[in-house]
Amino acid sequence: EAWKKMYLIQKSKGKVSYCSIVGEKGTGYIIKICRDMEGYVKESEDYIEKELFELCLRTGYITEMAQ
């Protein structure tokens, strides 16, 4: 199940971003995004269509992190 998983987001070198699904709305997900910029963590929430989320998984832009 996608809900309890963390996903690593491909970013430029030295920047780490990851996300998790926190809700579902219509045809998409509400995701919580955490960005670690050299020790400073910024959190935000955003909406992503399910189709786009699945495409990002298939292409490797986001990858499931080990629990």
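Student: Let me start with one residue. Is Glu24 buried, partly exposed or exposed?

Tutor: Remember that this is a predicted model. To place a residue, look at its relative accessible area. Buried means under 20%, and exposed means over 50%. Glu24 has 46%, so it counts as partly exposed.

Student: Which side chain does Glu24 meet in a salt bridge?

Tutor: Start with the general idea. Side chains of opposite charge can pair when their charged atoms come close. Here Glu24 meets Lys50, at 2.3 Å from N to O. The pair links distant parts of the chain: Glu24 lies in strand E2, Lys50 in helix H1, and they are 26 residues apart. Lys50 is partly exposed because its relative accessible area is 25%.

Student: How many salt bridges does the count come to?

Tutor: The count comes to 3 salt bridges. One of them joins the side chains of Glu64 and Lys5, with 3.6 Å from N to O. This pair also links distant parts of the chain, 59 residues apart. Glu64 is in strand E5 (residues 62-64), while Lys5 sits in the segment before E1. Glu64 has a relative accessible area of 46%, so it is partly exposed. Lys5 is partly exposed as well, at 22%.

Student: Where in the chain are Lys32 and Glu43, the pair 11 residues apart?

Tutor: Their side chains meet in a salt bridge of 3.4 Å, N to O. Lys32 belongs to strand E3 (residues 28-37), and Glu43 to strand E4 (residues 40-49). At 29% relative accessible area, Lys32 is partly exposed.

Student: Now a serine. Why does Ser20 count as buried?

Tutor: Apply the cut-off of 20% again. Ser20 has 13% relative accessibility, so it counts as buried. Its place is in strand E2 (residues 15-25).

Student: Which residues does Ser20 touch, leaving out those up to four places away in sequence?

Tutor: Ser20 touches Lys5, Met6, Ile30, Ile31 and Lys32. You have met two of these names already. Lys5 pairs with Glu64, and Lys32 pairs with Glu43.

Student: How many disulfides does the structure hold?

Tutor: A disulfide is a covalent bond between the sulfur atoms of two cysteines. This structure holds 0 disulfides.

Student: Which cysteine sulfur is closest to that of Cys56?

Tutor: That of Cys19, at 8.7 Å, which is too far for a bond. Cys56 has 13% relative accessibility, so it counts as buried.

Student: Last topic: confidence. What pLDDT does the chain average?

Tutor: The chain averages 88, and 93% of the residues score at least 70. You can also read pLDDT by element.

Methods:
Residues numbered from 1 in each chain as written. Predicted model: local features only at pLDDT ≥ 70, side-chain atom pairs only at ≥ 80, totals over all residues. Heavy atoms only, no water. Helix = DSSP H or I, 4+ residues; strand = E, 2+ residues; numbered from the N terminus. Buried < 20%, exposed > 50% of the residue type's maximum accessible area, 1.4 Å probe, protein only. Contact = heavy atoms within 4.5 Å. pLDDT = per-residue confidence, 0-100. Disulfide = S-S within 2.5 Å. Salt bridge = Lys/Arg side-chain N within 4 Å of Asp/Glu carboxyl O.
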